[in-house]
Amino acid sequence: MSYLLGENLIGGYGTGDILKGCTLSVARGEISVVVGPNGAGKSTAMKALLGMLKVLKGKVTLAGQDITSMSPQQRVQLGMAFVPQTNNVFSSMTVEENLELGAYVRTDDYSDTMSQIYELFPVLKEKRLQPAGELSGGQRQQVAVGRALMTKPSVLMLDEPTAGVSPIVMDELFERIIEVKKTGIAILMVEQNARQALAIADKGFVLVTGQNRFTDSGQVLLANEEVRRSFLGG
Amino acid sequence: MDFLNAIVLLSNYVLIPSLVYGSQLALGALGVTIVFGIMRFANFAHGEMMSFATVSTIFITWWFQSIGLTAGILPTALLALPFGILITGLLVWATERSVFSYYRQRKSKPVIFVIASVGVMFMLNGVVRLFIGTDEIIFMDGLKFLIKAGEFKKWSGLNEGLALKQTQVLTVLLAILAVAWLFWFLQKTKMGKAMRAFSDNEDLALLSGIDPEKVVRATWFISAVLITLAGVLYGLDKSYKPLIYFHLLLPIFAAAIVGGIGQPLGAILGGYIVAFSEVAATYAFKKFLRYLGPEGWSPEDLVQLLSTEYKFAVSFLILVLVLLIRPTGLFKGRVL
């Protein structure tokens, strides 16, 4: 059962449509990965789900509720969290302040959530009083994910979380993401490192020119000859 | 003895005045830098807002004096200060609603905001003069000197006197209080953190659910507090003249830019750098050097870099040098 579902989305910037009827979905406790060549509309689809882009046709539902016309802020209140690809931390502020700001909309005591995040990312606890801008790329991504988790979201959306980090850090990040998934959160991510991402995906979407080319489980997509030849480099 | 005389002379004419002037500039530059950090434009109306704040405080002071309300040895203006802040807050909020919010909704470029603020500057300049006139106004009452030069001479047995005005001590004390409060606010409160987050990364702040309207409101209020403090303290220490705050704009901007615009600590440091440079460059060191040199020797000229009429050239020079060599300022602020 899909928790977050974007059906037959059509939309884009200005006059040109980037999304031409693509469908994405993710269930709680699962990871969905969106892959595809440059310009396929992967990040755009993500923005459409979050409400940062006007959808001309199609429908977005969260837990069965139609949220197509809601603003991003309203969707955040409903439990959607988003980690942008770049500039995703407050670089002049400490790690701890970044996390606190993640919980800005919360009025209850969030110290529990914070200690959970420190458990998940032990390195952040160590560096909690350092400005986030002074951390390494991988650590910064952890701050970004941690900040997004502070709202206790039901859906976590990640836009290329492993862009620009080393393969070792990438593996570590993916491991953390699997741990987050185990807490029952639905995770939807756009990835350039398609092979590694599909390996941990419950569901994979291959987008080409704004449409679904292949949709299946991660394992099946990895085994598919055509997907491998065209999108995974053999 | 000569050495002590030299120190006292320097304190009286350079160190204390520039510390006081530096505190006034620092308060002004802090206001400029906070508005810039959040709203990303240099508010050229800052000087005239200071002038407006001072005039409002002067009117309240006069009213208090007319009903016989004074603060004893303290200046009556201190009692009027909270009301001055309130009136200035209303003015600043009115400009925000009627001018700046319009351009923010249209997502105008920073240069449009700057030009709009120049318009606000000219308008305020006229409005203020309409009410207060063009005369110089001294609104300091209460005890003028804490230490008088003559008494100091008698007490110390030195040739040189040291005078300490009450306004000088008040300026430094209130500046310290204001800065401590500001830093506490920015570091510890939820709204302060939201403001810093907004200044750091606007998009992410919006994604985190921070309400930009609230941040803008808090920023203008803080700037109104700093504007009023800076304006009133300067006016108390010197005097109120309609054009004086317009002239202060240059050293204030120099201070904010030297420190790194958008960086509160930089604004404070910048204020003192500009003030010390200005005072030191226009002070005649002849007498000071005579004390330090051999007996009976005296420099041939005044040993004065610039005559006092040219003091604004110092700010200008600092501004140009910083923009050429290190445009982000000492604390790595933004580039204008």
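How many bridges join strand β1 (residues 4–11) of chain A to strand β4 (residues 55–62) of chain A? Six bridges join them, and the two strands run antiparallel.

## Model and conventions

This is a predicted model, in which local features need pLDDT of at least 70 and side-chain atom pairs count only at pLDDT 80 or more, while totals for chains, interfaces and linings use all residues. Residues are numbered from 1 along each chain as its sequence is written, and chains are lettered from A and ligands numbered from 1 in the order in which they are written.

The predictor gives the complex an ipTM of 0.85 and a pTM of 0.88. For chain B the mean pLDDT (the predictor's confidence in each residue, from 0 to 100) is 92, and 99% of the residues of chain B reach 70 or more.

## Overall form of chain A

Chain A has ten helices and ten strands. Helices (H or I, at least four residues) and strands (E, at least two) are DSSP runs, numbered from the N terminus. The radius of gyration of chain A, taken over C-alpha atoms, is 17 Å, close to the 17 Å that the globule rule gives for 234 residues, so chain A is as compact as a globular protein of that length. The globule rule is 2.2 Å times the number of residues to the power 0.38. The C-alpha trace of chain A spans about 45 × 40 × 35 Å along its principal axes.

Of the 234 residues in chain A, 44% are buried. A residue is buried if 20 or more other C-beta atoms lie within 10 Å of its own, exposed if 12 or fewer, and partly exposed in between, with C-beta atoms placed from the backbone. Two residues are in contact if their C-beta atoms, placed from the backbone, lie within 7 Å. Among contacts in chain A between residues at least 6 apart in sequence, 67% join residues at least 24 apart.

## The six-stranded sheet of chain A

Six strands of chain A form an open sheet with mixed pairing, in the order β6-β7-β8-β3-β9-β10. Strands pair if DSSP finds at least two bridges between them. The edge strands are β6 (80–83) and β10 (211–216) of chain A, each of which pairs on one side only. On average, neighbouring strands of this sheet are turned by 15 degrees against each other, direction ignored. Axes are lines fitted to C-alpha atoms, for helices over the stretch in contact, and angles run from 0 to 180 degrees between N-to-C directions.

Strand β9 (residues 203–208) of chain A runs antiparallel to β10(A), and five bridges join the two. A:Phe205 stands opposite A:Thr215 in β10(A), and A:Leu207 stands opposite A:Asn212 in β10(A). β9(A) and β10(A) form a hairpin with two residues between them, and A:Thr209 in the turn has a positive phi of about 40 degrees.

A four-stranded open sheet of chain A has the order β2-β1-β4-β5 and antiparallel pairing. β2 (19–26) and β5 (65–66) of chain A stand at the edges, each with a single partner strand, so one side of each is left without a neighbour in the sheet. Helix α1(A) lies across β1, β2 and β4 of chain A, at about 115 degrees to β1(A).

## Loops with positive phi

A:Ala63 lies in the loop between β4 and β5 of chain A. The phi of A:Ala63 is near 50 degrees, a positive value in a residue other than glycine. A:Ala63 has 16 C-beta neighbours inside 10 Å and counts as partly exposed.

A:Asn87 lies in the loop between β6 and α3 of chain A and has a positive phi of about 45 degrees although it is not a glycine. With 13 other C-beta atoms within 10 Å, A:Asn87 is partly exposed.

## Chain B and the interface

Chain B has 13 helices and two strands. The radius of gyration of chain B is 21 Å, close to the 20 Å that the globule rule gives for 336 residues, so chain B is as compact as a globular protein of that length. Buried residues make up 43% of the 336 residues in chain B.

In the interface, 15 residues of chain A are in contact with twelve residues of chain B. α2 (72–77) and α3 (95–102) of chain A each supply at least two residues of the side of chain A that touches chain B. The largest share of that side, four residues, comes from α3(A).
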